[in-house]
Amino acid sequence: RWVLTAPVDQLTPKAKSQRAAILNRYPQIGESTNRIEQLAAELRKLPLNPPDKSDEQRKQQELFVEQLNHSRLLESTFAGLALRRQPADLVFPPAASFSDISKGLRDGLVMVAALQTSSGYHLYALTQQSRRYLGVVRARDLNKAVGQMYKELGITDANNAIDSVTLAASEWKQAAADLKQLIFEKYDDDQWNTVDELVVVPDGLLWYVPFEILQIGDGEDGWQNLCERVKIRYLPVISLASLSRWQTPPDLRMAVVAGKIHPKANPKLAALSTEELRDSITNAVAFDSPVKIPSNLLNTVVDSLVVWSDMPLSERDGVYALLPFQLDKGRIGSTLGGWMTTPWHGPEKIILPMLSSGIANGLKSRSNGHELFLTSCGLLASGVKTALISRWRAGGENSLTLSREFAIRSRSMSPLQALQE
């Protein structure tokens, strides 16, 4: 799928040659791909969420049905190609050497990558000039430190909320300072003064560590959140750092799903936040009821997606059963797995602030962070370039405000800068 349908600028010279060879031999693939793009262009001329039973809605459904038929034809063709000796390189995640990765890192950026083994978590720091081994953290020590921090934050049950009294207390800050010392034992606090951006590539339980609130400084009066010192972002694999950096996306169309953000929250909060968002982004389109069009097709005409709806990750069904859009449940193409099929066109940017991972119950579920790793990979594999996702569902007005401001600011600045501001 990537070799044949991904943007050309994301392909290696070898993959481009393979695409040309396959399209020359199977011209129907190019015909269907081109028709899907033509249909997307026609669909963009229509409202994103037209009134029910209107002529525009009927026209939209007709175009999406034709797009779906071409998608099924492509998937059937791809299944046949997969059984033949047809060369097609693995494009995502990209393969890159440490040398290439280091060259792609800008000055002032530090990448900290983890590798979980039977002996613990091995940590490495990569910069433009050097590669450094930071040591190994024993799994038992990390488990204890992470569990203690979440306990002090009050995150021991998926339905709990963090109150202002807990945030004002020093206990969680002490636990976060201890966790920082465990992970960055060989990193003095003063060294962060020379770092502008931290890129974290977690593994295992480190996916549950909110590096943003690790405490640096001396004691209760001198503590500071790490995110106040440096910008922080995450990658599922280190080779993604070699991809081109942020460029202003078109962001012409934004879809906003307004659902129930938390079992205990006011059901009207998301709708009110949507109206506030539309005051700043006039082309933001609200969705608050089930849709007939599967979201993998809607993605062809959506540039950014905000989902204000409770979204637990199911360990039983697997992460690829996640419903990113929420309102198309039961439709083919509604799951994260469906998003990775054709038509290959995820939103440039997706905001999921109510996602709830295994850490939402503390460490009682014995989750290992792989659900966040696979979710991140799945979103990026579907074409998403920027994903803002939560580890646990906060489900309050602060989450709505933060994600709303991020949606607004990231239209005119880098997502990383928008999140920090």
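A: **Aromatic pairs and their surroundings**

Trp2 is buried, because its relative accessible area is 15% and the cut-off for buried is under 20%. This is a predicted model. Trp344 also counts as buried, at 10% relative accessibility.

These two residues form a pair. The structure holds eleven aromatic pairs. In the pair of Trp2 and Trp344, the ring centres are 4.8 Å apart. Their planes meet at 70 degrees, so the pair is edge-to-face. The pair links distant parts of the chain. Trp2 belongs to helix α1, while Trp344 lies in the loop between α12 (336-339) and β12. The two are 342 residues apart.

Now take Phe184 and Phe211. Their ring centres are 6.1 Å apart, with the planes at 70 degrees, so this pair is edge-to-face. Phe184 lies in the loop between α8 (171-183) and β4 (197-201). Phe211 lies in the loop between β4 and β5 (215-216). The pair therefore ties together parts that are 27 residues apart in sequence. Both Phe184 and Phe211 are buried. They also belong to one aromatic cluster, formed by Phe184, Tyr187, Trp192, Phe211 and Tyr234.

Next, the strand. β10 covers residues 304-308, and five of its five residues are buried. Ser304, Val306 and Trp308 point one way from β10. Leu305 and Val307 point the other way. In a regular strand the side chains alternate between the two faces of the sheet.

β10 has partners. With strand β8 (residues 254-258), β10 pairs in the parallel sense over five bridges. Here Leu305 in β10 is the bridge partner of Ala255. With strand β12 (residues 349-352), β10 pairs in the parallel sense over three bridges. There Ile351 in β12 is the bridge partner of Val306.

Then the helix. α3 (residues 27-43) has 17 residues. From its first C-alpha to its last, α3 reaches 24 Å, close to the 24 Å expected at 1.5 Å a residue. Its buried residues include Ile29, Gly30, Ile36 and Leu43. The buried residues of α3 pack against α1 (2-5), α2 (13-25) and α4 (55-82). Helix α1 is also where Trp2 sits.

Last, the cysteines. The structure holds zero disulfides. Cys227 is partly exposed, at a relative accessible area of 26%. Cys377 is buried, at 13%.

Technical notes. Residues are numbered from 1 along each chain as its sequence is written. This is a predicted model: local features need pLDDT of at least 70, side-chain atom pairs count only at pLDDT 80 or more; totals for chains, interfaces and linings use all residues. Side-chain values use heavy atoms; hydrogens and water are left out. A disulfide is a pair of cysteine sulfur atoms within 2.5 Å. Buried means under 20% relative accessible area, exposed over 50%, partly exposed in between (1.4 Å probe, protein chains only). Helices (H or I, at least four residues) and strands (E, at least two) are DSSP runs, numbered from the N terminus. The expected span of a helix is 1.5 Å times one less than its number of residues. Contact means heavy atoms within 4.5 Å. Two strands pair if DSSP finds at least two bridges between them. Rings of Phe, Tyr and Trp (its six-membered ring) pair if their centres lie within 6.5 Å; planes under 30 degrees apart count as stacked, over 60 as edge-to-face and the rest as tilted.
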